Amino acid sequence: PTAIEFLFPYAEKEEDLNPLCYYKDFIVRWNKDEENENGVLILVDWNGSMVLGNDIQDTHVCRVAIFPDTGEAKLPEDMFDGIPDTAHCELMILRGNVDNVEHNDYSYKLVGKTHHLISFILIREIKE
């Protein structure tokens, strides 16, 4: 598969790390692969780490969704169920493929994958 990377949200400079991302209308963009018919997996992972307030010990929430490899997706709001405001989360995108190969009367399964991981701060409450 073609190497995958986030185009949005994305941080090139240290001061842009951990972007603030609102859970409604959460759009992600990546470099699409026109040849990929398998789609991409997007994971939201939270281990209880908080930016504001105390960390929540013994907590882990992981949600996964598959999307067509179009280069853009709107994450469903339920991917963030159980994750509070100002949680420090990770967002991962994966693209892969599996081929079955036979050689000298043996069958092999070849797996290729690529992924990109970024951290972000989940925003659930916006006060005007």
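Tutor: A salt bridge is counted where a side-chain nitrogen of Lys or Arg lies within 4 Å of a carboxyl oxygen of Asp or Glu. The model is predicted, so local features need a pLDDT of at least 70 and side-chain atom pairs count only at pLDDT 80 or more, while totals for chains, interfaces and linings use all residues. Residues are numbered from 1 along each chain as its sequence is written, and side-chain values use heavy atoms, with hydrogens and water left out.

Student: How many salt bridges does a search of the whole structure find?

Tutor: One of them joins the side chains of D25 and K74, at 2.9 Å from N to O. Another is formed by E34 and K32, whose closest N and O atoms are 3.4 Å apart. The search of the whole structure gives a count of four.

Student: How many residues apart are D25 and K74?

Tutor: The elements here are DSSP runs numbered from the N terminus, with helices (H or I) of at least four residues and strands (E) of at least two. D25 and K74 meet in a salt bridge, with D25 in the loop between β2 (20-22) and β3 (26-30) and K74 in strand β6 (residues 72-75). The pair therefore links distant parts of the chain, at a separation of 49 residues.

Student: In what order do the five strands of the open sheet stand?

Tutor: Two strands pair if DSSP finds at least two bridges between them. β2 and strand β8 (residues 106-123) pair in the parallel sense over three bridges, with C21 and L122 as bridge partners, whereas β7 and β8 run antiparallel and are joined by 16 bridges, among them that of H88 with I121. β2 and β5 stand at the edges, each with a single partner strand, so one side of each is left without a neighbour in the sheet. The pairing is mixed, and the order is β2-β8-β7-β4-β5.

Student: Which residue in the turn of the hairpin formed by β7 and β8 has a positive phi?

Tutor: Two residues lie between β7 and β8 in this hairpin. The positive phi, of about 50°, belongs to N104.

Student: Which strand gives the most to the nonpolar patch?

Tutor: Patches are made of residues with over 30% relative accessible area and no salt bridge, like charges being joined within 9 Å and nonpolar side chains (Val, Leu, Ile, Met, Phe, Trp, Tyr) within 5 Å. V101, Y106, Y108 and L110 make a nonpolar surface patch of about 400 Å², the areas coming from the Shrake-Rupley method with a 1.4 Å probe, where for residues only the protein chains shown count as cover. L110, at 48% relative accessibility, counts as partly exposed. With three residues, the strand that gives the most is β8.

Definitions and conventions: Buried < 20%, exposed > 50% of the residue type's maximum accessible area, 1.4 Å probe, protein only.
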